[in-house]
Amino acid sequence: MNAGIVLIACATYFFLVPNQFVTGGMTGLATILGFITPMSTSTWLIFLNIFMLVIGFIFLGKKTGIWTVYCSLGYSSLMLLFEQIFPLEHPLTDESFMELGVGILIYAVGTAIIFYTGASSGGMDIMALIIQKYAKVDVGRAVLFVNFFIACGSLFVFPGIERGILSLVGLFANSFIIDSVIDNFHSCKYFVVITDKTELVSEYIMNELHHGVTVTDAIGAYTQTKKGMIHTVCRRYEAIKLRAAIKKIDENAFIVVTTSSEIIGKGFRSV
């Protein structure tokens, strides 16, 4: 969660705000308001987030609300800190498209990390979680829906159409990257193992990886040899370890590994 806060704060302050990129959210709205009023972007961000936090507590529950408060305050505080330590009057470079790409990549990864922990950075992300909860859509699509009109607003506020078009491009990229990163967090490996040493492989999976095992009898059609077929799932970081252990136990084992977008059940996701 802390890593996500640092990433989105760095992306916003160093890349998005100096270039007046408005990819939606309270940050985008605060950027617009900071441009047309005497108040700074970070000050507007605090006021707007307080309002949305109240909505979050009502619709998302106490736990999500508390963590969202933590992320929101951390995000806003880092923005204020950056303003004092690294005052920026101009973008870091003259390459707007490059800064958009770097900024959106960092921001989307940070946002996805925070969403994955069950919280949000506040603002319109709260609305995205509410839409995801009740409409059952991917969180990236929900982010795109709630932020689209704010991003369009930048076309009419900031001089020149280039920034507005780049902002819309960034918004779409941000939404797709968020879904991709979260899918990678949820993805697991499904193993089908055909082996003569069913008990040894099963014991390793249950005792070392603490995952369940389903065993069925299998007969090779060509040799008519009876073997055991093991079915199990594990997380991505456990897959290499499991594959090496199986080969160590039975070097003749036949292993099929496929990627699953998510696993729902005991030891994995509950919903």
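Which residue in E3 stands opposite valine 215? In this predicted model, where residues are numbered from 1 along each chain as its sequence is written, local features need pLDDT of at least 70, side-chain atom pairs count only at pLDDT 80 or more, and totals for chains, interfaces and linings use all residues. Side-chain values use heavy atoms, with hydrogens and water left out.

The residue opposite valine 215 is isoleucine 230 in E3. Strand E2 (residues 214-219) runs antiparallel to E3 and is joined to E3 by six bridges; strands are DSSP runs of at least two residues (E) and helices runs of at least four (H or I), numbered from the N terminus, and two strands pair if DSSP finds at least two bridges between them. E2 and E3 form a hairpin with six residues between them, and glutamine 224 in the turn has a positive phi of about 60 degrees. Strand E3 (residues 226-235) also pairs with strand E1 (residues 188-195) in the antiparallel sense, over eight bridges. Methionine 229 in E3 stands opposite isoleucine 194.

Among the helices, the axes of H1 (residues 2-16) and H5 (residues 96-116) come within 8 Å and cross at roughly 160 degrees. Axes are lines fitted to C-alpha atoms, for helices over the stretch in contact, and angles run from 0 to 180 degrees between N-to-C directions. H1 is therefore roughly antiparallel to H5 (angles over 145 degrees).

Serine 175 lies in helix H8 (residues 162-186). Serine 175 is buried, with a relative accessible area of 3% (buried means under 20% relative accessible area, with a 1.4 Å probe and protein chains only).

Conventions
Angles under 35 degrees count as roughly parallel, over 145 as roughly antiparallel, 65 to 115 as roughly perpendicular and the rest as oblique. Buried means under 20% relative accessible area, exposed over 50%, partly exposed in between (1.4 Å probe, protein chains only).
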